[in-house]
Amino acid sequence: QVQLVESGGGLVQAGGSLRLSCAASGRTFSIYNMGWFRQAPGKEREFVAAIVWSGGRYYADSVKGRFTISRDNVNNTLYLQMNSLKPEDTAVYYCAGDRGGSSWPVQSKARYDTWGQGTQVTVSS
């Protein structure tokens, strides 16, 4: 089993920055790809960013140029650096991991096998 725990959320002003972390434990060697999703009140969970086993990174258009996804394979930690935050970025942010072998694109929730419980990000205007 793999467990994912997000941290780093909080309240920030518009234009500010925040870095989210996702610590993986358990059978971390089984995770090949990881992603960040977010869910705002009354909205569906949506794709934010992903990093695949080869190191390639993918971003939603809404965050491209502002957010950066990265991972520390030695410490089994996923990061999301969020800059130039906007009020519309307010959401609960979730990290997710997959075991590989899925035909679903990295932007799809269906690709991922393991999810964290989320961390709240609130951007004030």
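A salt bridge here is a side-chain nitrogen of Lys or Arg within 4 Å of a carboxyl oxygen of Asp or Glu. With that in hand, Arg38 pairs with Asp89, their closest N and O atoms lying 2.9 Å apart.

A word on the ground rules first. This is a predicted model, in which local features need pLDDT of at least 70 and side-chain atom pairs count only at pLDDT 80 or more, while totals for chains, interfaces and linings use all residues. Residues are numbered from 1 along each chain as its sequence is written, and side-chain values use heavy atoms, with hydrogens and water left out.

**Salt bridges**

The salt-bridge rule gives a count of 6. Three of these pairs are set out below.

| Pair | N to O distance |
|---|---|
| Arg38 and Glu46 | 2.8 Å |
| Arg38 and Asp89 | 2.9 Å |
| Asp89 and Arg66 | 2.8 Å |

Through shared partners, salt bridges join Arg38, Glu46, Arg66 and Asp89 into one network. To place these residues, strands (E, at least two residues) and helices (H or I, at least four) are DSSP runs, numbered from the N terminus. Arg66 belongs to the loop between strand S6 (57-59) and strand S7 (67-72), so its pairing with Asp89 connects parts 23 residues apart in sequence.

Arg38 counts as buried, at 5% relative accessibility, and Asp89 is buried at 0%. Arg66 is buried too, whereas Glu46, at 36%, counts as partly exposed.

**The disulfide**

How many disulfides does a search of the whole structure find? The search turns up 1 disulfide, defined as a pair of cysteine sulfur atoms within 2.5 Å. Its partners are Cys22 and Cys95, with an S to S distance of 2.0 Å. The pair links distant parts of the chain: Cys22 is in strand S3 (residues 18-26) and Cys95 in strand S9 (residues 91-98), 73 residues apart.

Cys22 is buried, with a relative accessible area of 0%, and Cys95 is buried with a value of 0%.

Notes. Buried < 20%, exposed > 50% of the residue type's maximum accessible area, 1.4 Å probe, protein only.
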